[in-house]
Each structure stands twice: as C-alpha cells, then as structure tokens.
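Please keep the structure open in a viewer while reading.

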Amino acid sequence: MSNSHLFLKSGFIRTPSQNGVGRYVCQLQRVVLKFCKNNGSSRGMRDFIESGLVDFAKNNPGIVVYLKPRRHRTAVISAEYLNGDKQYINCRNFAKEEIIKWLNLLKTQSGNTTGFRYRKLLHTDHPSIQGPWTPYTFKDPAENLAKFPDQDLSRPKHLPKTATEELLELFQRSSLGSPEGKRAE
Amino acid sequence: MAGVVRRIFANLPRINTCNYVKTPLLSILPSVTSKFYSNVPTPYEIVDAQEDRKTYQGVIDNVNRQVAEKKQGRLFAVVHVAGKQVKITEGDVFIVEGYWPPDAGDKISLDKVLLVGASDFTLIGRPLVQRGLVRVEATVIEKNVSHTKTHFRKKRRKQYMRINFYRTPRTMVRVNRIEIVGEVNHPPAVTGLETRIF
C-alpha cells in the first residue's frame with residue numbers, strides 16, 4: 001500500500017477573486033490538445049478534433065484552444081488556469097467521449113486540485129451569528145447563586161429508583177396507602 | 001426523590017407562561033423508561049388556546065416587524081442539499097459531494113430550508129419552513145473531483161487483498177443571498193405554484 005496520501009497537501013477552500021459573488025468567471029484560460037496524426041493511441045483525440053472541437057470552442061469563447069500535432073507521441077491535454085496552475089492529462093487510447101468528459105472537467109475546475117485534500121467542506125467568514133455555544137448557555141441562572149457543596153446539585157442527574165422507593169410507591173398506590181382508598185372500603 | 005424530579009424538569013425546556021400546565025411526571029416517565037419511543041409530545045399541555053395564541057402572536061409580530069424594518073441583521077439558514085444538511089450564511093462556500101447535476105455557473109435556489117435564524121430569532125421548520133418564506137440563492141462555482149482516495153482491504157492469512165482507487169465528484173457552491181420574503185405564520189392562500197410550469 002502506498003503512503004502517498006500521508007504526504008498529501010491539505011488546506012481549506014480557496015476561491016479565486018470571490019468567484020460567484022457577482023458573476024461566475026470560467027477559470028480555464030488555455031487548453032492545448034497534443035496528438036499524433038498517425039498513431040492509433042491518438043485516435044479518440046483525432047475523432048474529437050474532427051467532430052467536437054469547433055462546438056467546444058464556440059460554446060466557450062473565453063477559452064483559448066491550441067492544437068499541436070506531434071509525430072509518434074501520446075495524446076495529451078494540457079490546461080492552464082487563470083491562477084497560473086498547469087495540468088496535464090494523459091489521453092493515451094482515450095475514446096472521444098472520455099476526451100469530452102475530461103475537457104468538461106478542466107473547464108469547470110478553478111485550478112489544478114489533484115493531490116490537494118480539503119480539510120473542511122465549508123468556508124464561512126461568519127462562523128456564528130447567535131454567538132457560539134458555551135457550557136453556560138441555556139443553563140438555569142439560579143445555579144450561579146448555588147453554594148457548594150450543594151446536596152441537590154451534587155447528585156447524579158438520573159438516579160434509578162431504589163427498591164425502598166418503589167415499595168413506598170406501591171404502598172401509596174394501593175388502597176391501604178391512600179386516604180381515598182380507605183374511605184372507599 | 002423530589003430532588004430527582006426537579007432535576008429532570010430542569011432539563012426540559014422552560015416556558016414561563018401560566019397557560020401551560022405541567023402534566024404529572026409519573027405519566028411521562030414509565031413511557032420513557034419502558035418503551036423505546038414515546039408518543040408523549042411534550043410535558044406541557046395547552047389549557048387555554050386563546051391565551052396561548054395571544055402569547056405566541058406577540059413573538060411572531062415582533063419577528064415580522066423586525067423583518068419589515070430590515071433590522072434583523074445577518075441571516076443564517078440550514079438547508080438540505082443532496083441528502084445532507086448545511087448551515088450557511090451569505091457569502092459562504094460549501095462543497096456538495098457525489099454526483100449532483102448542476103453545472104458550473106448555474107444559479108440555483110435552495111428550497112429545502114429547515115431553519116432560518118438571525119441574532120434575535122430562529123424560525124424552525126417542521127421539518128421545512130413554510131414554502132416561499134425564505135429565499136436562498138446560490139451559484140455553482142466549481143465542479144471537480146476530489147484527490148485520489150485509497151480503498152484498501154486485506155484479510156490476514158487468507159491470501160486476500162484488494163486495492164481500489166477512486167475520486168468522488170465535488171461541486172462547490174457559493175451562497176449569494178438569504179432573505180425572508182414572506183410573512184411568518186401567514187402563508188399565502190395558494191402555495192406550491194411558484195415552481196409549477198403550466
């Protein structure tokens with residue numbers, strides 16, 4: 001088993017320049033599709049370039065798309081983000097659909113977050129609005145005035161009934177214990 | 001014994017109005033101790049409905065007045081998103097894990113609001129607050145996948161070992177606005193039409 005996860009970088013949610021507060025800005029700046037014109041491992045990439053690339057470029061005017069044919073090399077997608085991150089995706093033997101999926105992922109990301117663990121899945125600038133809980137919230141203020149040692153407060157919160165108490169209760173419930181019961185007789 | 005009874009009552013919510021009557025504790029306790037659940041909703045029962053309404057109407061009026069004058073300050077809400085509950089306030093970013101259809105850049109409104117609160121009041125839904133009372137708007141700002149997680153299983157001395165790697169889809173959502181648009185305890189006569197398409 002690998003121990004690579006032990007050395008993962010970790011941190012908190014960061015959003016580039018308050019993205020989404022006013023409007024959403026796509027963070028992918030530039031994408032370079034590298035492929036070979038002959039090799040079978042770039043076949044899916046070539047298919048995508050033939051059929052889907054123009055649509056992709058039209059639908060995303062904010063993203064610069066480059067094509068880079070290279071002889072006898074594996075197909076690769078290289079993406080650059082507005083925050084300077086760079087990400088390579090090895091597309092050897094990828095089908096056209098897989099390429100579309102990975103391109104969409106690159107498009108909707110805000111940077112290269114592979115190998116980055118989020119410690120919290122929530123970021124807030126206002127952690128508490130009604131005030132954080134303390135041991136004294138919702139407590140009876142009368143307890144402030146209690147003088148210790150206090151017999152009542154020192155008792156456990158939930159005491160089980162003792163046998164004597166149960167007997168007493170039984171007696172009280174029976175006709176012998178209650179004055180009404182006696183009268184009824 | 002008397003001490004015990006008092007301690008148990010101290011743990012129950014206190015309502016200091018005279019139109020509530022404490023039901024005898026013995027009628028509650030056996031149900032708590034002998035069964036796994038209890039149908040007894042509360043140890044208080046309403047004696048005078050009119051009097052009771054007068055008490056809570058004052059509270060609700062105060063809340064409505066605060067909202068109308070926009071003096072409630074910052075609001076927070078607990079919303080139900082993709083099977084989980086999140087406590088959010090304006091400007092927060094939270095992550096939804098797992099497959100979730102909204103795409104990056106989508107503006108969505110979170111309708112399953114379980115609770116809304118300001119510094120002075122809290123509106124608790126049963127389980128949701130009344131539809132159309134609160135508007136929570138959010139923007140999807142990022143969709144990516146988590147870091148690679150390892151799922152490793154091994155049984156000792158059984159020649160059994162499996163290792164799986166997986167990455168879960170994640171969606172980052174920014175909360176744009178939380179506001180109370182309706183009137184508390186005064187729902188419109190017809191509800192549920194906001195989202196219908198005729």
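**Salt bridges**

Select E97(B) and K149(B): the two form a salt bridge, with their closest N and O atoms 3.9 Å apart. A salt bridge here is a side-chain nitrogen of Lys or Arg within 4 Å of a carboxyl oxygen of Asp or Glu. The pair links distant parts of the chain, for E97(B) belongs to strand 5 (residues 93-97) of chain B and K149(B) to strand 10 (residues 149-155) of chain B, 52 residues apart. Helices (H or I, at least four residues) and strands (E, at least two) are DSSP runs, numbered from the N terminus. E97(B) is partly exposed, with a relative accessible area of 32%. Buried means under 20% relative accessible area, exposed over 50%, and partly exposed in between (1.4 Å probe, protein chains only).

Before the next selection, some conventions apply. The model is predicted, and local features need pLDDT of at least 70, side-chain atom pairs count only at pLDDT 80 or more, while totals for chains, interfaces and linings use all residues. Residues are numbered from 1 along each chain as its sequence is written, chains are lettered from A and ligands numbered from 1 in the order in which they are written, and side-chain values use heavy atoms, with hydrogens and water left out.

Next, select R135(B) and E179(B), whose side chains meet in a salt bridge of 3.0 Å, N to O. R135(B) lies in strand 9 (residues 134-145) of chain B and E179(B) in strand 12 (residues 169-180) of chain B, so this pair ties together parts that are 44 residues apart in sequence.

Now move to chain A and select R173(A) with E169(A), a salt bridge whose closest N and O atoms are 3.3 Å apart. Both residues lie in helix 5 (residues 163-173) of chain A, four residues apart, about one turn of the helix. R173(A) is exposed, with a relative accessible area of 65%. Over all chains, the whole structure holds 11 salt bridges.

**The open sheet of chain B**

Return to chain B, which has three helices and 12 strands. Which strands form the open sheet, and in what order? Four strands form it in the order 4-3-7-8, with antiparallel pairing; two strands pair if DSSP finds at least two bridges between them. Strand 4 (84-89) and strand 8 (122-124) stand at the edges with a single partner strand each, so one side of each is left without a neighbour in the sheet.

**The nonpolar cores**

Select I88(B), F94(B), L110(B) and V136(B), the residues with the most contacts inside the largest nonpolar core, which has 30 residues. A nonpolar core is a set of buried Ala, Val, Leu, Ile, Met, Phe, Trp, Tyr and Cys residues joined through side-chain atoms within 4.5 Å. Helix 3 (49-68) and strands 3, 4, 5, 7, 9 and 12 of chain B each supply at least two residues of this core. Centre the view on V136(B): leaving aside neighbours within four places in sequence, its contacts (heavy atoms within 4.5 Å) include V79(B), I88(B), V113(B) and R177(B). Finally, select F35(A), I63(A), F94(A) and L103(A), which are included in a second, separate core of 20 residues.
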